[in-house]
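Please view the structure below before reading on.

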Amino acid sequence: MNQTGVVTTKENTNPFGRREFLVTSAGGFSLGFFLPGFSRLNEIEAEPLSTVDGTQINAWIKIGADESITVTVGAAEMGQGSMSSLPQIVAEELMVDYANVSALQAPASQAYLTAGSGTVRNQYLPLRRAGAAAREMLIQAAMNLFGGARADYSVTNGIVTNTKTNASITYGQLAPAAALLPVPPITPTWPPLVPDSDFKLIGKALPRLDIPSKTNGSAVFGLDVRLPGMVYAVIKHCPSFGGTLAKLPSKPSGALAVVATSVIPASARGSEVAGNANAVAVVAANTWDAWQMAKQLKVSWNIPASSASIDSATFQSQAQSLMASGTPYIAEKIGDPATALAGSSKMIDVTYSLPYVAHACMEVLNCTVNLTPTSCEVWAPTQGAGIVVSTVTAITGLAANQVTVHTTYLGGGLGRKIEQDYIAQAVQIAKAIGKPVKLMWPREEDFTRDQYRPMALIRGRAGLDDVGNIVSWSYRTVSPSILSQRGRALPVTGDSQATEAATALPYNFAARTTEYVVHPSPVPVGFWRSVGASLNTFAVESMMDELAKFAGEDPYLFRRNRLTDPRWIAVLDAAAQLGGWNTPVPSGRARGIAISKAFNSIVAEVFEISQTTSGVKIHKVACAIDCGRPVNPDSIKAQMQGGIVHGINATLWGQQTFKAGAAVSKNFNRSRMMRLNEMPVISVTILPPNPNVPIGGIGEPAVPPVAPALANAYAKLTGQRIRALPFFPNATMGGL
């Protein structure tokens, strides 16, 4: 891909075998490692990833004879900074200047799902080992040249020195010799890692490697891809979920083709059935023409009779029935909460509800495909390049080694770009027309054919004894199952995504139970930033606030006095201090607090708000995070700030409703987003490194505490408890 965005070809061959290997490459040194077990979504999807000789190769380090150091990154860069944090980790172990390191997007054979806030936390240790192994092999090459023992050698910024003779040589000079050395087995003692106390890069706020190209306009996103001779397609779906194409419409004047596209098994969700043609694509010489013709295209659809029941009011009614009489999965049960509740001095019984929410990524779904009888190249903003290979082979019959996937920058992913629907459509169109083609979804299709964050209805009952101990905690959630819609048979504990952040809570509940009832939703649902934690933290932390009021205690101290985990207490204390919890609140304002754990990171937030005639003014947000090992503090702060804004949008205004089988909100004019002049001051504090806990993710954990912290502040300010999100369901970009 050149600087003008014209794409020609790209290597996707990989001659390497298992676990560790090395090759010479243009006089340089390349080292690859097998890095097993990445995101949880690998397990959830149970999708086979691309392999090389039966083993996935996930990481590459290349040292050029010109002293250049390139780290190949298997994660998609969607704004979370992984293409900088991962090279930062490698550079630490290589003991080189970060300025000399660059990042390269991996081909599909080395890529993995970018999800679950897992990019850094899953690769932190494997990449350190990879960098350390490369360093030790380069040192071994110097030892072979100069003699002496390992203890005689040191490394400073990529220069290996024999400290007894002062003989020095650079990595670039050593690279050809190092490339000929065998790689010793990885053991507990080899390669030696840089002691945490000697870190020079990990934990430092280093500049992002992807920012320059994104500020000068040279960065290539999916929509920027151009191929010689390509044509353009725009999708138009059946307006009702589960509907099918009745008759392929005639080609409009000026169009190149109209192509029907079908649901593939990997994308069949809700009422969508694999094999059904549920969309058509208009193909033209440019996107604008295709878009305009798609708008005007009259299509005859088969609308199923069941569409009438795809209605938000119906969903709520079903959820209420299931809450009362549904058969639950038992996600967690300790003690006898029913008996404890009956014997409690005080009890609350409250119900919370959350709506479907669209992903609404800034870059709409798109995919470019060049298909020939013997090969297929795909350019896509995708979070799952390996799954794309499976999608292409299933549609085309090509072998995996005939498929090349180029992962572009993503203009936001948020979990939506794991899915394969838009990829499959582009491949089907390319197969039908025999030309390179770019498919683009109009914003209206993006909103109305999303795989949404599931709705949820949650009932909580809790009892206090005479001195305010929580003696009983009963929690039941009714929600569509993301995993069931992907064909997974649920275990006895139900859908782990649906009860995420509702189990293993570190509050000293004497007896507890968490139950889950599947809502048989016909609406496609998917992974939305922070997944189940965004649903359950709203209910759990709202409920804790209601209990605090019932007990007549300060909400911060109420939580603190009932927490059993010192990490949670430290994070809660840090947020309270940063948010000035114990200082007077300015007149007309109120503060709310909430805490949660997601992806091994604990985040607490304090919101300070006031009420206005047009809604709520958020003045300040204080955020504290314990992610175990901070790698790049600037990236962590940016992710906290972005996650908080994302959470605010969903809490105050976010929802998708349905009527007569179709989604109602079709664009941003009906999906309110925060404006620049509404941005609060967000302060972030990162707790010190803790080597005794697993490293945590940062991309998603800031979202869950937002809704309860806002609701708790609002209840304090107005006396009105918001138990149904969003705060302002009728908001548009014109108001509220």
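## Strand 24 and its neighbours

Strand 24 and strand 25 run antiparallel and are joined by eleven bridges; strands pair if DSSP finds at least two bridges between them. Helices (H or I, at least four residues) and strands (E, at least two) are DSSP runs, numbered from the N terminus. The model is predicted: local features need pLDDT of at least 70 and side-chain atom pairs count only at pLDDT 80 or more, while totals for chains, interfaces and linings use all residues. Residues are numbered from 1 along each chain as its sequence is written, and side-chain values use heavy atoms, with hydrogens and water left out.

A hairpin with two residues links strand 24 to strand 25, and Ser-610 lies opposite Lys-617 in strand 25. Strand 24 (residues 601–612) also runs antiparallel to strand 23, to which ten bridges join it. In this pairing, Ala-590 has Ile-609 of strand 24 as its bridge partner, and Ile-593 has Val-606 of strand 24. The hairpin of strand 23 and strand 24 has two residues between the strands, and Phe-599 takes a positive phi near 55 degrees there. Ten of the twelve residues of strand 24 are buried, so this strand is largely enclosed by the rest of the structure; buried means under 20% relative accessible area, with a 1.4 Å probe and protein chains only.

Four strands form an open sheet with mixed pairing, in the order 23-24-25-28. Strand 23 (589–598) and strand 28 (681–686) are its edge strands, each pairing on one side only. On average, neighbouring strands of this sheet are turned by 15 degrees against each other, direction ignored. Helix 15 (residues 633–652) packs on the sheet and touches strand 24, strand 25 (615–626) and strand 28, and its direction makes about 135 degrees with that of strand 28. Axes are lines fitted to C-alpha atoms, for helices over the stretch in contact, and angles run from 0 to 180 degrees between N-to-C directions. Contact means heavy atoms within 4.5 Å.

## Helix 2 with helix 3

Helix 2 (residues 82–94) packs against helix 3 (residues 119–146) at an angle of about 35 degrees, and their axes are 7 Å apart. Their crossing is right-handed, which denotes a near helix turned clockwise from the far one by less than a right angle. The contact includes Leu-86, Ile-89 and Val-90 of helix 2 and Tyr-124, Leu-127 and Arg-128 of helix 3. By class it has nine nonpolar, five polar and three charged residues. Ala, Val, Leu, Ile, Met, Phe, Trp, Tyr, Cys and Pro count as nonpolar, Asp, Glu, Lys and Arg as charged, and the others, Gly among them, as polar.

## Helix 9 with helix 10

Helix 9 (residues 385–396) and helix 10 (residues 421–433) pack at about 35 degrees, with axes 10 Å apart, in a right-handed crossing. Val-388, Thr-391, Val-392, Ile-395 and Thr-396 of helix 9 meet Ile-423, Ala-424, Val-427, Gln-428 and Lys-431 of helix 10. Six of these residues are nonpolar, three polar and one charged.

## Helix 12 with helix 16

The axes of helix 12 (residues 532–551) and helix 16 (residues 706–718) cross at roughly 30 degrees and come within 7 Å. Helix 12 is therefore roughly parallel to helix 16, a term for angles under 35 degrees. Their crossing is right-handed. Among the contact residues are Phe-538 and Glu-541 of helix 12 and Pro-708 and Ala-711 of helix 16.

Technical notes. Buried < 20%, exposed > 50% of the residue type's maximum accessible area, 1.4 Å probe, protein only. Parallel < 35°, antiparallel > 145°, perpendicular 65-115°, else oblique.
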